[in-house]
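Hello,

Here is the structure I promised to pass on to you. Have a look at it first, and then read on for what was found in it.

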Amino acid sequence: MKSQVRGGTRWKRFAVVMVPSVAATAAIGIGMAQGALAASFAVSGQEFKVKAGYLEGTGFAQYGGVDMGYANVKEGDEKVARPVAISTFKRAEITNMCQSVVTDVPFVGKITLKLKAGEGKGKPVVAERLYLDVTELKADAEFENIDIGMAAKDTDHEKIGKGPAVKDGSILPNGFAQQATKAKLSGVEQKAWATTAGNFKLQGLNMELLKGSGAGVECY
């Protein structure tokens, strides 16, 4: 790792750096189930993969949270709490983006829905107020003016915050967080339960259904 006080910090092939503790996750999950905490929406029972050649974002913040979602893709209303690392950006540009999710269709087998965008030169995917609820992340990363170990609720503070508005009541307000004025990630591979954005512009969008799953069918 290479670090400077007012410069950048480089991390090679880093994974998700933090999620809430088990006890905190349980407490938040119970609160949400009882309606005491707000959540954007109930996530599906399917985790999806995202791959990107390069992502450059400004106003970055990351903190722990919990997604309440359906236990599986079959019928039923049972919900479970899933701890996630929430990566947020005020604005991000993404090149060579791929998103895939696998569904096991009765009498057919596994079908992969794959979406690609931002592949043309000068035509990146552009997102504003972007929130990524991630469980696994691998990439080469560089951060400018990074603050590590601050409270999550202060990442959007009027005077010291660098990120967009904190996501919702599912986060740990005094929990561990980090922020940076700019984040650059290359060779991104991640698994996520949800993505939300105030504005999401996908240039060169291409969507297809493929039979099967795994390498050569999914994004990675």
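A salt bridge, as the term is used here, is a side-chain nitrogen of Lys or Arg within 4 Å of a carboxyl oxygen of Asp or Glu. Side chains of opposite charge can pair when their charged atoms come close.

Before the details, two notes on the source. This is a predicted model, in which local features need pLDDT of at least 70 and side-chain atom pairs count only at pLDDT 80 or more, while totals for chains, interfaces and linings use all residues. Residues are numbered from 1 along each chain as its sequence is written, and side-chain values use heavy atoms, with hydrogens and water left out.

**Overall layout**

The chain has 1 helix and 9 strands, in the order β-β-α-β-β-β-β-β-β-β from the N terminus on. Helices (H or I, at least four residues) and strands (E, at least two) are DSSP runs, numbered from the N terminus. Of the 220 residues, 42% are buried; buried means under 20% relative accessible area, exposed over 50%, and partly exposed in between, with a 1.4 Å probe and protein chains only. Among contacts (heavy atoms within 4.5 Å) with a separation of 6 or more, 79% are between residues 24 or more positions apart.

**Salt bridges**

The count comes to 8 salt bridges. Which residues are linked in a network? They are Asp-67, Asp-133 and Lys-167. Asp-133 and Lys-167 meet at 2.4 Å, N to O, and this pair links strand β6 with the loop between β7 and β8, 34 residues apart. Lys-167 also meets Asp-67, at 4.0 Å; Asp-67 is in strand β3, 100 residues apart from Lys-167. Asp-133 counts as buried because its relative accessible area is 0%. Asp-67 is buried too, at 6%, and so is Lys-167, at 16%.

Another salt bridge joins Glu-56 and Lys-182, with the closest N and O atoms 3.6 Å apart. Glu-56 is in strand β3 and Lys-182 in strand β8, 126 residues apart. Glu-56 is partly exposed at 29% relative accessibility, and Lys-182 is partly exposed at 23%.

**Nonpolar cores**

A nonpolar core is a set of buried Ala, Val, Leu, Ile, Met, Phe, Trp, Tyr and Cys residues joined through side-chain atoms within 4.5 Å. The largest has 29 residues, and those with the most contacts inside it are Phe-14, Phe-89, Phe-143 and Leu-185. The elements giving two or more residues to this core are β2, β3, β4, β5, β6 and β8, and β6 gives the most, with 9 residues. Apart from this core lies another, of 10 residues, among them Ile-86 and Trp-193.

Best wishes
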